[in-house]
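Work through the following exercises with the sequence and the model at hand. Each task is followed by its solution.

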Amino acid sequence: MTLAPAIELKDISKAFGPVQANKNISIRVMPGTIHGIIGENGAGKSTLMSILYGFYKADKGEIYIAGKKTAIPDSQSAIAAGIGMVFQHFKLVENFTVLENIVLGAEDSGLLRPSLARARRELKSLADEYELNVDPDAVVQDIGVGMQQRVEILKALYRRADILILDEPTGVLTPAEADHLFRILENLKREGKTIILITHKLREIMDATDTVSVMRRGEMTATVKTADTNPAELAELMVGRKVLLQVEKSPARVGKTILDVRNLNVTDNKGVHRVKDVSFTVKAGEILGIAGVSGNGQSELLEVLGGYEKATGTITVNGIEIDLTGAKSDGRSRRARGIAHVPEDRQREGLIMDYHAWENVAFGYHHAPEYQRGMFMNNAAIKEDTIAKMKRFDVRPPDPRLAAKSFSGGNQQKIVLAREIERNPDLLLIGQPTRGVDIGAIEFIHQQIVALRDQGKAILLVSVELEEILALSDRIAVMFDGRMMGERLPQDTDEKELGLMMAGMTKEDAA
Amino acid sequence: MDAMPKWADVVLIPLISLILAALLSALVILAIGESPIEALMLMIDGALGSTYGWGYTLYYATNFIFTGLAVSVAFHARMFNIGGEGQAMMGGLGVALVCMYIPWPHWSLALLGGAVGAAIFGAAWAAIPAYLQAKRGSHIVITTIMFNFIAAALLNYLLIGALKPAGSMEPATGKFPPATHLPSFQDMFSFGETALFRGAPANVSFFVAILACVAVWALIWKTRLGYEIRAYGHSEPAAKYAGISPTKIIMVSMLISGGLAGMMAINNVQGEAERLVLSAVEGAGFIGIAVALMGRSHPFGVFLAAILFGFLYQGGAELALWTKIPREMIVVIQALVILFTGALDDMVRAPLERVFIALQRRKKRAA
């Protein structure tokens with residue numbers, strides 16, 4: 001084959017201060033293929049794609065598009081070179097219609113009407129060609145995330161993109177929506193488009209791509225044909241050692257009810273009804289997993305239980321009701337009642353990024369008597385405690401004087417986990433335990449959660465990763481639009497059924 | 001990994017900024033036809049060349065320590081308290097009331113009483129903007145600025161009315177009773193024939209200011225309250241998660257801040273003027289912002305920055321006295337210092353970071 005690669009990167013390097021984000025990266029992507037790039041957070045995937053899209057300038061290296069050396073100093077030149085990018089966080093104007101969003105920035109002239117008319121015609125043909133149906137007159141904020149993503153893809157195609165880069169495209173999608181996305185990508189590929197798929201999910205790589213490149217610590221460790229590899233091997237390439245992809249756990253020994261939630265309703269400060277009449281229980285010694293696409297009320301549920309969102313309804317812990325409003329509905333009172341909380345967003349809530357590790361280990365428990373010394377805090381005792389906790393949870397580097405922001409995602413999570421678990425709580429709330437965490441640490445974190453369950457603690461797990469829910473939970477509840485769609489046992493259900501429930505449908509609806 | 005060692009961040013950057021500001025000031029002085037070297041010598045001699053000069057420098061520095069600490073404490077809770085000026089004015093009112101209407105047996109008790117009165121009035125003046133911020137979301141910058149104007153108007157009203165001694169033509173209170181007069185440096189450090197600090201206004205409040213530095217340091221880094229204030233300042237969502245009440249932190253940090261700004265009055269009102277005049281604060285509340293910025297909101301940094309600004313104030317006054325360089329020139333120099341140490345911090349920081357990274361690389365390669 002003498003075909004020139006659609007994209008060829010030669011020896012790309014990029015450093016941010018002392019951090020080498022990309023190191024001598026070379027990659028060839030043939031036209032009409034789907035090329036996956038997989039790697040842990042911070043492996044340099046996003047940096048590489050940002051260089052390709054003109055957001056960053058590489059320190060050295062060359063970019064060839066369709067065999068021609070091309071300079072990409074900004075995103076305008078990337079678009080001119082036929083590169084389109086679909087970001088993880090969409091860049092759409094919420095109160096514009098789909099059509100207006102597509103035309104925005106690519107208007108033919110100062111007059112809008114002819115551009116819109118042309119866009120409408122092209123949109124129709126694109127939709128027919130690629131199974132990319134969207135109502136052009138719908139306002140973006142009224143359509144679902146799956147649809148919004150299609151608008152992003154259409155935007156790129158409208159700008160005549162031949163190369164499409166998708167950054168973690170399934171993060172916000174239900175499994176069904178994700179399947180649809182991959183069908184669209186297949187169609188695009190068949191029409192000769194080149195697609196680069198960035199993800200950290202091994203399954204998507206196996207299902208959707210033709211070739212895959214693995215990145216680790218800024219370097220490209222391997223590029224292989226997807227057909228010639230398997231998830232275990234890819235995981236090993238990503239982490240640099242063998243990893244267990246399965247969680248080992250014995251059957252749950254369920255005890256008395258610890259958490260009992262009845263008719264919980266949450267209305268946020270914008271007046272949106274976030275949680276609607278939710279009731280459930282969690283017993284000692286079991287993990288209740290709550291599945292759902294993010295933004296369906298799970299976060300608010302955790303915030304209420306954690307003590308920083310107001311609600312109505314009744315919640316009892318160990319048979320005693322807890323306050324849902326007023327002064328006693330704060331995090332401190334919750335902790336006093338034996339509720340520990342690993343929040344969904346550790347960088348925003350769980351940690352003070354500029355605090356040292358030892359200061360973070362006291363965070364939320366800074367009233368604990370063993371941390372006080374007269375009118376002062378006993379910083380020496382906290383540091384000592386931190387060293388012990390860092391050791392038990394294998395936090396690396398085990399330096400209590402390092403700022404939280406200097407740790408990797410996995411080690412940050414271990415700090416939070418150590419702080420919460422070591423308090424010996426009756427109930428552990430844990431949101432997105434492995435978001436942004438490297439595979440190696442995922443294994444460890446899952447083991448810790450299961451170990452806590454086996455000590456007879458109640459665990460409420462919220463995760464948008466279905467695999468994680470299925471692997472850890474003893475019971476699974478699904479939330480959609482603030483409601484509980486029902487409960488299933490992991491052995492009686494599968495991703496497909498849960499996926500439908502996550503989209504607000506029951507099995508009967510689908511049939 | 002931090003790109004720079006801490007000493008570079010704390011010492012080197014402000015020093016370089018200062019040198020840059022000095023160089024630019026030199027150019028400005030050259031441009032109006034005076035010699036910058038001579039001007040600098042004159043400033044140094046005037047501010048630091050005699051105990052008299054030091055007496056003034058430290059007097060100004062005392063004011064700036066209090067207002068600088070005030071801004072720093074609020075800043076740790078990410079509150080930008082621009083109301084130091086008004087809070088210091090109110091502190092003056094507190095001192096005046098305490099000194100005039102309570103019969104004090106000894107200056108030490110009067111100092112204690114004055115400090116408490118000043119702190120309460122300053123804190124009270126900060127309490128209203130703090131409450132509006134915590135409960136209503138009214139921006140603290142806007143409300144504290146407005147309260148500066150209200151404080152000035154209120155003081156004016158009182159000093160031409162209720163507080164003015166009968167028959168006086170001046171908008172000021174009468175002289176405080178002698179028992180409330182604080183010992184000046186001259187009283188404290190002159191032995192026998194040798195009178196040091198003769199006629200200079202520096203007084204015992206300077207040591208109160210140093211105590212305040214230590215107290216603020218302990219508060220911010222050693223107590224649970226300081227821990228909560230800093231946590232809230234870094235991240236409000238995290239603070240809520242941890243059960244730290246934003247309302248409490250906003251109120252408490254602003255009360256402490258206002259109290260510190262108010263306490264400046266023991267120096268300028270009780271210590272120096274020994275009566276309350278209309279223009280007592282003289283912009284020290286605003287200089288406090290620059291002092292806090294330059295001192296990186298750390299009490300020790302605030303102390304050093306306050307001394308520097310005290311030097312600029314006193315040296316500047318000398319400059320205006322002995323050369324044709326106008327008094328306004330010194331405002332320009334102060335502005336340059338503020339500009340370089342506060343606003344243009346990154347201009348120095350980024351290149352310096354690169355230098356340190358390069359050095360580290362070389363060290364690594366050599367190893």
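**Exercise 1.** Give the strand order of the open four-strand sheet of chain A.

Solution. The order is 2-1-4-5, and the pairing is antiparallel; two strands pair if DSSP finds at least two bridges between them. Strands are DSSP runs (E, at least two residues) and helices likewise (H or I, at least four), numbered from the N terminus. Next come the edges: strand 2 (19–29) and strand 5 (68–69) of chain A each pair on one side only. Strand 5 of chain A is joined to strand 4 (residues 60–65) of chain A by two bridges in the antiparallel sense. In strand 5 of chain A, A:Lys68 is the residue opposite A:Ile65.

The model is predicted: local features need pLDDT of at least 70, side-chain atom pairs count only at pLDDT 80 or more, and totals for chains, interfaces and linings use all residues. Residues are numbered from 1 along each chain as its sequence is written, while chains are lettered from A and ligands numbered from 1 in the order in which they are written.

**Exercise 2.** Which way do the residues of strand 16 (residues 339–342) of chain A point, and are they buried or exposed?

Solution. A:Ile339 and A:His341 point one way, A:Ala340 and A:Val342 the other. In a regular strand, side chains alternate between the two faces of the sheet. All four named residues are buried (20 or more other C-beta atoms, placed from the backbone, within 10 Å of the residue's own; exposed means 12 or fewer, partly exposed in between). Strand 16 of chain A pairs with strand 19 (residues 427–431) of chain A in the parallel sense over four bridges, with A:Ile339 opposite A:Leu427.

**Exercise 3.** Describe how helix 14 (residues 299–322) and helix 15 (residues 327–343) of chain B pack.

Solution. The angle is about 150° and the axes are 8 Å apart (axes are lines fitted to C-alpha atoms over the stretch in contact; angles run from 0 to 180 degrees between N-to-C directions). The two helices are therefore roughly antiparallel, a term for angles over 145 degrees. From helix 14 of chain B, B:Leu312, B:Gly316, B:Leu319 and B:Ala320 take part, meeting residues of helix 15 of chain B that include B:Ile330 and B:Val337; contact requires C-beta atoms, placed from the backbone, within 7 Å.

**Exercise 4.** How many residues of helix 9 (residues 224–234) of chain B are buried?

Solution. Eight of the 11 are buried, among them B:Tyr227 and B:Arg230. Their cover includes strand 18 of chain A and helix 3 (51–76) of chain B.

How values were computed:
Parallel < 35°, antiparallel > 145°, perpendicular 65-115°, else oblique. Contact = placed C-beta atoms within 7 Å.
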